[in-house]
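Biologist: Please show me the sequence and the structure, and then let us discuss them in turn.

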Amino acid sequence: MNRRFLFVLGSARPDGNTELLARAAAEQLPAEAEQQWIRLADHPLPDFVDLRHDRHHVRPPSDTTTGLLLDATLAATDIVIASPLYWYSVSSLTKRYLDYWSAWLRTPGIDFKATMAGRTLWGVAALADHEPSVADPYAGTLNNSAAYLKMRFGGVLLGNGSGPGDVREDTEALTRAKTFFAREAPLARFPHQTA
């Protein structure tokens with residue numbers, strides 16, 4: 001099965017450092033790997049309302065933002081969360097997209113959890129700090145989401161950049177980008193789980 005990558009761009013700014021780093025990594029993908037890029041700022045989701053216990057869930061129509069994102073998510077073998085590090089976690093646009101995963105768990109006819117199992121979640125983030133450990137909460141959010149859904153987690157590609165285009169000067173990040181998607185991603189595990 002050919003891989004199909006969904007790049008979910010969570011920055012409020014187009015062509016920001018996170019997107020530049022994600023595109024550098026995507027350039028290394030094999031030609032047969034499909035790519036779909038969705039900028040969340042161009043497809044704003046409505047405020048998330050937790051209706052998990054409401055019995056009237058329906059599948060959102062494909063011609064809505066929610067339906068577009070659901071269909072793209074279900075079609076992907078690899079989901080890349082490309083969100084800058086905002087206050088040590090993902091952006092609000094990205095968090096809202098992940099919140100919708102809760103609703104999709106209860107949407108009839110798609111079996112979201114079983115469908116996502118075995119697929120791979122990746123992260124790409126630009127941060128303004130030179131200490132990568134400040135991104136641990138960001139990586140934890142993605143890892144734990146993947147673990148809950150029994151997905152694989154490929155880790156987070158971090159690059160340094162605050163001002164426009166700064167990440168182009170981070171030669172170490174650009175070098176890591178060349179092989180980021182080439183490695184085998186392990187099955188995600190919660191931190192409390194043993195090997």
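This is a predicted model: local features need pLDDT of at least 70, side-chain atom pairs count only at pLDDT 80 or more; totals for chains, interfaces and linings use all residues.

Modeller: Residues are numbered from 1 along each chain as its sequence is written, and side-chain values use heavy atoms, with hydrogens and water left out.

Biologist: How many of the nine residues of strand E5 are buried?

Modeller: Helices (H or I, at least four residues) and strands (E, at least two) are DSSP runs, numbered from the N terminus. Buried means under 20% relative accessible area, exposed over 50%, and partly exposed in between, with a 1.4 Å probe and protein chains only. Strand E5 covers residues 152-160 and is largely enclosed by the rest of the structure, because the number of its nine residues that are buried is seven.

Biologist: How many bridges join strand E4 to E5?

Modeller: Two strands pair if DSSP finds at least two bridges between them. Strand E4 (residues 120-127) runs parallel to E5, and Thr 120 stands opposite Arg 152 in E5. The number of bridges joining E4 to E5 is seven.

Biologist: What is the handedness of the β-α-β unit made by E4, helix H5 and E5?

Modeller: A crossover is right-handed if, with the strands pointing away from the viewer, the path from the first strand over the helix to the second runs clockwise. Here the helix is H5, residues 136-148, and the unit of E4, H5 and E5 is right-handed.

Biologist: Is Leu 121 buried or exposed?

Modeller: Leu 121 lies in strand E4. Contact means heavy atoms within 4.5 Å, and, leaving aside residues up to four places away in sequence, Leu 121 touches residues including Ile 79, Trp 101, Leu 142 and Phe 153. Its relative accessibility is 0%, so Leu 121 counts as buried.

Biologist: Which residues does Thr 141 touch, not counting residues up to four places away in sequence?

Modeller: Thr 141 belongs to helix H5 and is partly exposed, with a relative accessible area of 25%. Not counting residues up to four places away in sequence, Thr 141 touches Ser 89 and Leu 98.

Biologist: How far apart are the end C-alpha atoms of helix H3?

Modeller: The expected span of a helix is 1.5 Å times one less than its number of residues. Helix H3 (residues 92-104) has 13 residues, so it should span 18 Å. The end C-alpha atoms agree with this, being apart by 19 Å.

Biologist: With which residue does Asp 78 form a salt bridge?

Modeller: The closest N and O atoms of the pair are 2.8 Å apart. Asp 78 counts as buried at 2% relative accessibility. The partner of Asp 78 in this salt bridge is Arg 3.

Biologist: With which residue does Asp 47 form a salt bridge?

Modeller: Asp 47 is exposed, with a relative accessible area of 55%. The closest N and O atoms of the pair are 2.7 Å apart, and the partner of Asp 47 is Arg 96.

Technical notes: A salt bridge is a side-chain nitrogen of Lys or Arg within 4 Å of a carboxyl oxygen of Asp or Glu.
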